[in-house]
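Come along while I note down what I looked up.

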There are 2 protein chains.
Amino acid sequence: MQDKWVDDLTVRRDSKIIFLIMDGLGGLPQAPDGLTELEMAHTPNLDTLVRNNTCGLLDPIAPGITPGSGPAHFALFGYDPVTNNVGRGLLSAAGLDFPMAENDLFIRANFASINQKGQITDRRAGRIDSDTNHRLCRKLKDRIRLLSGTEVFFETEKEHRALIVLRDEDLHEQITETDPQNTGMAPLAPEATDPAAVRTSVILKDLIEQAHRVLADEPKANMLLLRGYAKYRRFPSFEERYKLHAMAIASYPMYRGIARLLGMIIHPETKTIEDEIAALEASFSDYDFFFVHIKPTDSRGEDGNFSEKVKVIEAVDRLVPRIAALGADVLVVTGDHSTPSILKGHSWHPVPLLLAAKTCRLDRVEHFGERDCLTGGLGRMPMVDLMAVVLGHAGRLEKFGA
Amino acid sequence: MQDKWVDDLTVRRDSKIIFLIMDGLGGLPQAPDGLTELEMAHTPNLDTLVRNNTCGLLDPIAPGITPGSGPAHFALFGYDPVTNNVGRGLLSAAGLDFPMAENDLFIRANFASINQKGQITDRRAGRIDSDTNHRLCRKLKDRIRLLSGTEVFFETEKEHRALIVLRDEDLHEQITETDPQNTGMAPLAPEATDPAAVRTSVILKDLIEQAHRVLADEPKANMLLLRGYAKYRRFPSFEERYKLHAMAIASYPMYRGIARLLGMIIHPETKTIEDEIAALEASFSDYDFFFVHIKPTDSRGEDGNFSEKVKVIEAVDRLVPRIAALGADVLVVTGDHSTPSILKGHSWHPVPLLLAAKTCRLDRVEHFGERDCLTGGLGRMPMVDLMAVVLGHAGRLEKFGA
């Protein structure tokens with residue numbers, strides 16, 4: 001779907017599309033002869049959809065490659081995940097709804113603790129609360145005046161995480177990260193990996209030095225660690241590419257950020273999965289495309305908690321009848337990547353896919369699970385191709401050629 | 001895996017990888033309702049691995065394309081087989097461990113027989129023995145002095161096959177082959193297919209003429225036929241690309257050659273398949289990656305001998321417990337291409353693949369065979385993508401993007 005010629009086939013229709021994305025949905029069994037989280041979960045409602053529709057498996061980036069959440073979501077939305085692999089700073093800025101400008105450089109920062117020898121003692125400053133973070137961002141904003149005259153913004157993200165924005169001409173993102181990833185070591189210097197970025201690295205060294213002085217009297221958060229450098233970049237929107245008026249229902253800033261970068265309208269924050277489905281119901285008449293993001297499947301996988309991941313899937317299944325009752329022309333249920341709880345992290349394994357549409361060709365799959373999807377009618381395909389398949393089933397793609 | 005961005009994700013780990021490559025493994029049934037060689041073979045040990053791991057099918061180059069052994073092995077090792085499709089001369093030179101220099105032009109030569117009318121009577125000079133070949137190469141080396149002053153080497157390969165190396169500035173490989181592929185015809189002239197190669201063609205015509213004179217009194221091998229022109233080329237090594245310290249255990253020169261070009265250490269020649277497995281056991285602690293090449297599956301396929309190909313597969317199966325006992329983190333069992341004995345040659349059919357690793361996601365395949373692998377968990381994929389899948393399962397790839 002990365003190809004311009006596919007976009008040229010899109011047409012405006014009344015049809016509606018829902019993407020129900022269970023983050024990190026794919027899994028592995030706890031013992032070699034066991035079941036995966038999804039296979040174990042009691043999912044009668046998803047199974048009914050499976051029997052009446054079609055399944056498949058998605059490779060988020062390429063076979064064998066473990067994706068971060070950013071690239072995996074770009075692939076889900078039909079944006080080439082390799083050429084669109086942007087620094088996390090940009091996704092954070094979008095997630096915070098920061099008013100971006102053309103030349104901005106976005107940087108993710110962690111507040112950290114260092115001792116008198118300059119060694120890091122806590123890379124997350126004891127996970128300070130967001131209020132402390134707010135106070136520290138204000139203090140930094142008030143007191144730092146960069147020698148270069150570069151404008152600088154400090155924005156609270158959550159706990160120990162913040163966003164730094166530099167606004168100036170001639171800023172570049174080719175800079176090394178300063179987090180050495182281990183305690184007991186000094187922070188690394190932000191060095192240019194490209195000659196063009198040398199001036200940027202000098203500005204950042206000045207920034208870090210001033211920040212260290214401003215934070216010197218803080219009990220925990222007396223240092224900043226920088227990563228995820230990204231220059232401003234504009235992406236063609238869902239409206240421009242697909243003629244889709246899209247809404248995102250997601251509670252985590254990064255996913256809201258990606259959706260905003262792609263021109264989706266962002267629903268106000270919700271608390272629970274059920275709130276998200278209620279938001280979908282309330283907004284259903286106003287948009288063509290809905291991205292509903294379920295985070296806890298991934299979180300429980302990252303925690304290594306097999307049975308809790310199973311429960312999250314079952315909780316989603318109980319809400320499926322409400323989603324199905326909306327009567328979307330295409331309903332996709334999948335994940336952005338696999339997060340097997342036995343690996344406690346993202347993995348390269350392909351992601352189960354269910355596509356429900358009146359126009360789909362049935363297969364013989366009876367249950368929503370990794371092994372079942374192997375024989376699904378959509379086969380195994382690159383995730384980036386999903387969007388074209390969805391638009392096709394929604395009647396939103398014209399014939400190619402005469 | 002052809003892409004630089006994948007290489008950038010590789011990390012050094014202690015994990016070990018074995019590639020057990022049965023050359024020409026894939027096959028076809030003798031009758032439409034029969035079994036393939038692999039399906040017919042009694043392979044209890046491979047079947048046990050299959051049940052506890054995952055399978056798939058590999059397309060060596062692209063669907064429908066029959067590969068030579070060179071490109072198929074490049075694909076196995078994650079090197080794009082199309083952009084890395086080098087002339088066979090280079091593979092021969094590497095296989096003979098010829099000390100290559102930057103400007104060398106490598107050429108495969110056959111000794112052939114021609115009659116007094118200049119017509120070829122035997123394209124392989126009655127398959128002269130390697131000792132005769134040695135004597136002829138010395139004779140040619142001693143007596144030929146090219147008019148251009150170009151340095152020339154003659155190296156025995158095996159039977160009627162030799163390697164010629166030209167060493168000079170400004171040599172080019174865009175030259176037509178001189179073997180007309182039929183007896184009763186005169187050898188063709190080596191003509192330039194690119195203006196830059198005209199001087200090279202003049203040098204080669206001089207070479208052929210002098211060789212014909214030097215060999216005039218030979219009873220059988222009185223002519224040289226040239227093919228497989230290739231300029232020297234350097235490839236990024238397994239160490240550079242994958243951070244893998246690799247050993248090749250292969251008895252045929254060409255496979256040793258490819259492995260050497262990719263920076264693998266070459267195990268001294270062995271005689272039998274069992275010797276190869278003993279070599280693997282003896283070297284197992286010293287390397288990260290092992291390429292074990294089994295030639296007879298392909299040879300028996302090329303012979304059109306169905307039952308003997310079955311027996312080779314069964315002989316390998318009996319050695320599988322010794323391989324499995326080594327406890328490699330990833331064990332791959334596959335071929336470089338299919339060689340169905342009913343076709344007596346390579347074919348385009350996809351190649352069965354078994355991948356055994358603790359981190360693999362099980363499928364429902366119970367037997368190692370072409371039809372069984374159709375429902376394998378790895379699906380059907382380009383062979384060039386295998387290496388990334390293997391590195392992923394070996395924990396040797398970092399996450400892509402944040």
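**Ground rules.** I am reading a predicted model, in which local features need pLDDT of at least 70 and side-chain atom pairs count only at pLDDT 80 or more, while totals for chains, interfaces and linings use all residues. Residues are numbered from 1 along each chain as its sequence is written, chains are lettered from A and ligands numbered from 1 in the order in which they are written, and side-chain values use heavy atoms, with hydrogens and water left out.

**Two loop residues with positive phi.** I went back to B:Lys243 and saw a positive phi of about 60°, although this residue is not a glycine. B:Lys243 sits in the loop between helix 8 (238-242) and strand 8 (246-249) of chain B; helices (H or I, at least four residues) and strands (E, at least two) are DSSP runs, numbered from the N terminus. Most residues other than glycine have a negative phi. I then looked up B:Asp170, whose phi is near 60°, again positive in a residue other than glycine. B:Asp170 belongs to the loop between strand 6 (161-167) and helix 7 (198-214) of chain B, and is partly exposed at 44% relative accessible area.

**Helix 14 of chain B.** How many residues of helix 14 of chain B are buried? I got 8 of its 8 residues, in the run 386-393. Among them are B:Leu386, B:Met387 and B:His393. Just after this helix, B:Gly395 takes a positive phi of about 70°.

**Helix 7 of chain A.** I picked two residues here. A:Ser201 is in helix 7 and counts as buried at 4% relative accessibility. Leaving aside neighbours within four places in sequence, A:Ser201 is in contact (heavy atoms within 4.5 Å) with A:Ile175, A:Pro190, A:Glu191 and A:Ala192. A:Val214 is also found in helix 7 and is buried, with a relative accessible area of 10%.

**Where the chains meet.** I counted 32 residues of chain A in contact with 26 residues of chain B. Together the chains bury about 2,300 Å², 64% of it on carbon and sulfur atoms; buried area is the accessible area (1.4 Å probe) that two parts lose on being put together, summed over both. Which residues form a salt bridge? I found B:Arg364 and A:Asp372, with the closest N and O atoms 3.5 Å apart; the term asks for a side-chain nitrogen of Lys or Arg within 4 Å of a carboxyl oxygen of Asp or Glu. The count between the two chains is 1 salt bridge. Helix 4 (69-76) and helix 13 (370-373) of chain A each supply at least two residues of the side that touches chain B.

I saw that chain A can be laid on chain B with an RMSD of 0.2 Å by a turn of 125° and a shift of 0.2 Å along the axis, superposed by least squares on the C-alpha atoms of residues with pLDDT of at least 70 in both. The two copies are thus related as by a three-fold rotation axis. Of the residues of chain A, A:Thr375 comes closest to that axis, at 3.7 Å (C-alpha). The copies use different surfaces, as 3% of the contact residues of chain A recur in chain B.

Conventions. Buried means under 20% relative accessible area, exposed over 50%, partly exposed in between (1.4 Å probe, protein chains only).
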